[in-house]
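Please open the model in your viewer and keep the selection tool at hand. The stops below go from the whole chain to single residues.

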Amino acid sequence: MRRTAWMLCSHAGAGAGRRSISQALADVLVCPLSKKPLRYCEASGSLVSDAVGVSFPIEDGIPSLVPKDGKFLEDDLEKSEQGQIRRDSSG
């Protein structure tokens, strides 16, 4: 356990942004629903479970893997498309 904690801390980027996490941490986390690996999405700054189609937010570098905090990918896609339509029509 100590070795894992040391590895995660030593691989954490010093210049990491507010919403990012270290790659070492992302590699060991799994989806709380499917128990399958998660992938980090740079566009949304979240961890995505492709197995169930849910994204989990990262706040202040801490992933929130509580199932109720997860968002369906379709919801995120619709919101981003609506934002794109608004930007296109305003400019």
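Helices (H or I, at least four residues) and strands (E, at least two) are taken here as DSSP runs, numbered from the N terminus. This is a predicted model, in which local features need pLDDT of at least 70 and side-chain atom pairs count only at pLDDT 80 or more, while totals for chains, interfaces and linings use all residues. Residues are numbered from 1 along each chain as its sequence is written, and side-chain values use heavy atoms, with hydrogens and water left out.

Then switch to a surface: the chain exposes about 6,600 Å², of which carbon and sulfur atoms supply 56%, the accessible areas coming from the Shrake-Rupley method with a 1.4 Å probe, and for residues only the protein chains shown count as cover. With buried meaning under 20% relative accessible area, exposed over 50%, and partly exposed in between (1.4 Å probe, protein chains only), 25% of the 91 residues of the chain count as buried.

Next, select Ser-22, which sits in the loop between helix H1 (2-11) and helix H2 (23-28) and is buried, at 12% relative accessible area. Its side chain reaches the backbone nitrogen of Leu-25 at 3.2 Å, a polar contact in the sense of a pair of N or O atoms within 3.5 Å, where within protein one must be able to donate a hydrogen and the other to accept it, and residues adjacent in sequence count only if both atoms are side-chain atoms.

Now select Lys-35, in the loop between H2 and S1, where phi is near 65 degrees, a positive value in a residue other than glycine. Most residues other than glycine have a negative phi. Lys-35 is exposed, with a relative accessible area of 57%.

Move on to Arg-39 and Asp-50, whose side chains meet in a salt bridge at 2.9 Å, N to O, the term standing for a side-chain nitrogen of Lys or Arg within 4 Å of a carboxyl oxygen of Asp or Glu. Arg-39 belongs to strand S1 (residues 39-41) and Asp-50 to the loop between strand S2 (46-49) and strand S3 (54-59), so the pair ties together parts that are 11 residues apart in sequence. Arg-39 counts as partly exposed, at 39% relative accessibility.

Finish at Asp-60, in the loop between S3 and strand S4 (62-63), which has a positive phi of about 55 degrees although it is not a glycine, and which is exposed, with a relative accessible area of 59%.
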